[in-house]
Amino acid sequence: MYSIGIDIGTSTICGVAYDPDTKERITIVRENDTAQPSVHPWEKAQDADKILEIVTDTIRELRERCTEVRCVGLSGQMHGVLYVDRRGMAVSPLYTWQDGRGNLPYAEGESYADFMTRVTRYPSATGFGLVTHFYNLRNRAVPASAHKLCTVMDYVAARLCGLASPLTDASNAAAMGLFDKKELRFDERALNAAGIDRETLPEVVPSGTLVGLCEGVPVYVPIGDNQAAFLGSVSDPGRSIHVTVGTSGQISVHSDRYIEAEGLDTRPLPGGGYILVGASLCGGMSFAMLKDFFARAVTLFTGERPSDEELYRVMSGIPYPADDAEDGLRVETLFAGTRLQPERRGSVTGVSLSNLTPENLIRGFAEGISQELYDFYRLLPEQVRRDKTLLIGSGNGIKKNALLRAALERRFGCPLRLSDVEEEAAFGACVYATRQAERQPANH
């Protein structure tokens, strides 16, 4: 019997059907082409109902290809937020994690995110759902008919099951902000300090809660895509360092108890414990930016633009030196800043008369991505880093880039093992939903 997992990513929406008995997997990947144009360069929004339509079509196709479906699990892009009315219908676009309104100036030299951090004493960054909501409140941009706000995956789950009010679990609630990760609830004091009404927020339910039925199939409350990818990739949490590179980049390490580490985010892990996470804003986007640079250069000199596939093939195929020979070229891939220092920018340094070559620049970008993730790893407390000897890589930015894999192995000083599944977040959501279904036979 198959289980279905759906991951609503920023650029793609992935569906996986998996039969744990036969180990057979069916995978569907669709482009998330729902971006909405805006007159504001800082606004990043997607059409929530078009996303729902893609997810519904994906589930329908998977069910047609499967003999029997046991359950559906979902994950998706964290931090983003949208508004729904009293019927549970979207009355706004999805404001994604890339939305920049939180970095706009608010008062006395502070941005909206800076102000929230100061008055709530919770680290807040642009793109966090409640930072977006705070800006909208202050600028009267909340739709008049808005009743609740939620993540896009919580919206999709509610709509699939016909719920008027969305439900959320701790992994997604924490990503919105102002969430007490020890008590697993929104912090009323912090909400009051920011002037946010708790009744606007979705109900927080335990991970694994049954949302309802979609055409007779149980649907479980969605989980964050970072946690889903961890669950779908890592079989030995106690010894593993999980690195993933997609549009952004992340490093995740498990802890069985709540620990705070400056510069890292502690996130609830469905099923128990936490993961300490360092998240870069660029990751694979850095390589895409360099690809576009080379495309423009080739077009400028030849009049013909090479395909993205050809450019990526050449770039990822650049050999990585077997020794520690240094070319002197250093790339810092902070092209979109960091969550806490959005004004920071990337750099290329150490340029000499002889080392500014395409090969060195490409290698420098790969090393810059690796260094940023390693810098997060060094922030981990010693008791968490201890015994972490397995480096697990996931995401197309790693799987399709041999050069980046080599750079990560050199930087971390240990072999990199690729996760043995495709679309790890969708698979993780699928596996987690299966566990809930096995524990709740009465729901079937």
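Buried means under 20% relative accessible area, exposed over 50%, and partly exposed in between, with a 1.4 Å probe and protein chains only. By this scale D57 is partly exposed, at 31% relative accessibility.

The structure is a predicted model, in which local features need pLDDT of at least 70 and side-chain atom pairs count only at pLDDT 80 or more, while totals for chains, interfaces and linings use all residues. Residues are numbered from 1 along each chain as its sequence is written, and side-chain values use heavy atoms, with hydrogens and water left out.

**Nonpolar cores**

A nonpolar core is a set of buried Ala, Val, Leu, Ile, Met, Phe, Trp, Tyr and Cys residues joined through side-chain atoms within 4.5 Å. The largest such core has 39 residues, and I241, V243, I251, F287, I362, L408 and F412 have the most contacts inside it. Two or more residues each come from β19 (240-245), β20 (249-255), α8 (284-302), α9 (308-316), α10 (358-378) and α13 (402-412). The largest share, nine residues, is given by α10. Helices (H or I, at least four residues) and strands (E, at least two) are DSSP runs, numbered from the N terminus.

Contact means heavy atoms within 4.5 Å. Leaving aside neighbours within four places in sequence, F287 is in contact with Y312, M315, S316, I362, F365, A366, I369, N401 and L403. Apart from this core lies another, of 38 residues, which includes I6, V84, A90 and V221.

One of the contacts of F287 is S316, a residue of helix α9. S316 is buried, with a relative accessible area of 13%. Beyond its neighbours within four places in sequence, S316 is in contact with F287, K400, N401, A402 and L403. A polar atom of the S316 side chain also lies 3.5 Å from the backbone oxygen of R313.

**Helix α2**

In helix α2 (residues 112-120), the buried residues are Y112, A113, F115, M116 and T120. They lie on the same side of α2, because they cover an arc of only 160° around the axis; the arc is that of the directions from the helix axis to the C-beta atoms. Among the elements that cover these buried residues are β9 (105-107), β10 (110-111), α3 (129-138) and α6 (188-194). Just after α2, R121 takes a positive phi of about 65°.

**Salt bridges**

A salt bridge is a side-chain nitrogen of Lys or Arg within 4 Å of a carboxyl oxygen of Asp or Glu. By this rule the count comes to 22 salt bridges. Three of them are listed below.

| Pair | Closest N to O distance |
|---|---|
| E61 and R30 | 2.5 Å |
| E422 and K399 | 4.0 Å |

The bridge between E61 and R30 joins helix α1 (residues 48-65) to strand β3 (residues 24-31), so the pair ties together parts that are 31 residues apart in sequence. E61 is partly exposed at 26% relative accessibility, and R30 is partly exposed with a relative accessible area of 26%.

R60 and D57 both lie in helix α1, three residues apart, about one turn of the helix. R60 counts as partly exposed at 44%.

In the pair of E422 and K399, distant parts of the chain are linked: E422 is in the loop between β26 (416-418) and α14 (424-439), and K399 is in helix α12 (residues 396-399), 23 residues apart. E422 is partly exposed at 45%, whereas K399 is buried at 15%. Elsewhere, salt bridges that share partners join K291, D292, R305 and D308 into one network.

Note on methods
A polar contact is a pair of N or O atoms within 3.5 Å; within protein, one must be able to donate a hydrogen and the other to accept it, and residues adjacent in sequence count only if both atoms are side-chain atoms.
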